[in-house]
Amino acid sequence: MEKLKIRGGRRLVGEVRVSGAKNAALPILCASLLTARDLKLSNVPDLADVRTMLRLLEGMGVKVERRGHEVTLNAGALTSTVAPYELVKTMRASILTLCPLAARFGSARVSLPGGCAIGARPVDQHIKGLRALGAKVEIDHGYVDAQASRLKGARIVTDMVTVTGTENLMMAAVLAEGRTVIENAAREPEVSDLAECLNAMGARISGAGTPTIVIDGVETLHGAEHRVIADRIEAGSYLCAAAATRGDVLVRGCVPHDLEAVTAKLAEMGAGLEQGGDWIRLSMSGRPHPVKIRTTPHPGFPTDMQAQFMAVAALADGASEITETIFENRFMHVPELARMGAKIRVNGNTAVVTGVETLEGADVMATDLRASASLVIAALAAQGESTVDRLYHLDRGYERMEEKLRVLGADVERVRG
């Protein structure tokens with residue numbers, strides 16, 4: 001079991017470049033199932049979840065060639081339309097193979113997904129939408145079974161905003177006969193990135209990034225080249241680390257427009273911010289100001305940044321209020337932050353964080369992906385040494401984080417034991 005050993009109390013100073021977005025790369029990798037031609041991707045992050053997805057696709061017969069951050073996939077000779085539990089259990093995004101398989105091959109058997117234990121996150125909206133497109137879908141011994149001849153366009157209104165649901169149904173609709181309209185669609189940049197890739201493959205999608213997406217189905221898709229967008233959550237995490245350590249950090253390779261909800265709260269906390277076309281610089285000279293945060297779907301404040309902001313708020317000069325509206329079990333990092341001296345009181349889906357002057361190093365344990373980032377941020381700001389255990393959570397979504405932090409002056413190392 002690997003851990004991070006962090007000796008805190010050092011200001012982070014310098015430049016860091018963010019990697020490609022995990023949450024964009026995973027659905028785009030699944031889009032390779034929609035064509036028999038090569039899909040060539042660049043800026044694909046080297047993450048545990050990406051490696052798991054590639055193993056899953058290879059197990060189906062997809063030919064995968066990887067060189068660094070470039071990946072070429074070819075699904076011209078698929079041997080299976082089954083996504084087995086052994087791989088799916090570790091990663092919820094595996095459900096994104098369901099609709100491409102059903103759309104192109106008329107058959108899919110995908111295990112109900114696992115991933116971070118942050119809430120229920122049911123797949124009922126995926127199933128509802130696929131049925132609306134004409135597929136026969138059943139749950140059988142922990143698997144989603146979908147059968148269809150050619151899908152037919154339909155109007156789909158999701159009961160809630162769901163990112164993976166929107167992405168899955170977009171991939172189903174691109175090969176459906178006629179027009180599909182997805183109402184109440186997720187507006188996240190990762191949805192728009194998938195649409196851009198699909199359009200490069202010959203799809204006809206409009207409205208991605210708005211609540212209404214229109215897809216006119218085509219007979220087949222062809223190969224394409226696509227560059228995965230930057231990871232806005234990774235960028236936001238480094239900005240929070242700079243704020244917590246009263247540092248001065250320039251984050252390169254990001255999209256400032258996609259981070260407006262995050263940078264607005266950091267400015268409210270007293271951070272100095274500058275930005276250009278693909279960079280944001282944050283400097284912090286004193287303790288953060290307290291803030292009120294409420295997570296909402298994009299373009300609101302992202303749930304994937306809630307834990308990192310809690311680590312910053314733990315050092316604020318006053319009491320902050322953080323309300324989580326997306327996932328019902330996303331405060332599991334609170335007891336671990338408390339081990340470092342944070343004062344946090346949870347009442348339902350709201351946490352009141354009363355800032356302290358300093359946090360203290362401690363042995364802590366990551367409970368999910370974003371919780372792991374919050375513990376790293378807190379450890380960087382704390383006095384003394386901390387160890388962050390269950391590092392496999394961090395490796396699911398952050399590429400070489402300890403190396404990037406060392407470039408900024410952090411005293412951090414990966415250890416076994």
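**Helices, cores and a pocket**

A: The buried residues of helix α4 are Leu 98, Cys 99, Pro 100, Leu 101, Ala 102 and Ala 103. Please keep in mind that this is a predicted model.

Q: How many of the residues of α4 are buried, then?
A: Six of the eight residues in α4 (residues 98–105) are buried, and the helix is thus described as mostly covered.

Q: And what do those buried residues pack against?
A: The buried residues of α4 pack against α1, β7 (107–111), α5 (124–132), β9 (143–147) and α6 (163–173).

Q: Which residue just after α4 has a positive phi?
A: That is Gly 106, with a phi of about 80°.

Q: Let us turn to the core. Which residues touch the most other members of the largest nonpolar core?
A: Leu 130 and Leu 198 do, in a core of 77 residues. Helix α1 (residues 22–31) supplies the largest share of this core, with seven residues.

Q: What is Leu 198 in contact with, leaving aside neighbours within four places in sequence?
A: Its contacts are Ala 31, Leu 34, Met 171, Val 174, Ala 203, Ile 205 and Leu 221. There is also a second, separate core of 69 residues, and among its members are Ala 235, Leu 282, Ile 293 and Leu 405.

Q: Changing topic: what is the volume of the second largest pocket?
A: The volume of the second largest pocket is about 240 Å³. It is lined by 18 residues, of which Pro 189, His 257, Asp 258, His 298 and Pro 299 are the closest to its centre.

Q: Which elements give two or more residues to that lining?
A: They are α7 (189–200), α8 (232–244) and α9 (260–268). Of the elements, α9 gives the most, with three residues.

Q: How does the lining divide into nonpolar, polar and charged residues?
A: The lining of the second largest pocket has eight nonpolar, five polar and five charged residues.

Q: Staying with α9, which of its residues are buried?
A: Val 262, Thr 263, Lys 265 and Leu 266 are buried in α9. These residues lie on the same side of α9 because they cover an arc of only 160° around the axis.

Q: What do the buried residues of α9 pack against?
A: They pack against α8, β16 (272–275), β17 (279–283), β18 (292–294) and α10 (306–313).

How values were computed. Residues are numbered from 1 along each chain as its sequence is written. This is a predicted model: local features need pLDDT of at least 70, side-chain atom pairs count only at pLDDT 80 or more; totals for chains, interfaces and linings use all residues. Side-chain values use heavy atoms; hydrogens and water are left out. On a 1 Å grid over the protein atoms alone, a cavity is a set of points where a 1.4 Å probe fits but cannot get out, and a pocket is an open set with protein on both sides within 12 Å along at least five of seven lines; lining residues have an atom within 4 Å of a point. Grid points are joined across faces, edges and corners, and a volume is the space filled by probe spheres set on the points. Helices (H or I, at least four residues) and strands (E, at least two) are DSSP runs, numbered from the N terminus. Ala, Val, Leu, Ile, Met, Phe, Trp, Tyr, Cys and Pro count as nonpolar, Asp, Glu, Lys and Arg as charged, and the others, Gly among them, as polar. Buried means under 20% relative accessible area, exposed over 50%, partly exposed in between (1.4 Å probe, protein chains only). The arc is that of the directions from the helix axis to the C-beta atoms. Contact means heavy atoms within 4.5 Å. A nonpolar core is a set of buried Ala, Val, Leu, Ile, Met, Phe, Trp, Tyr and Cys residues joined through side-chain atoms within 4.5 Å.
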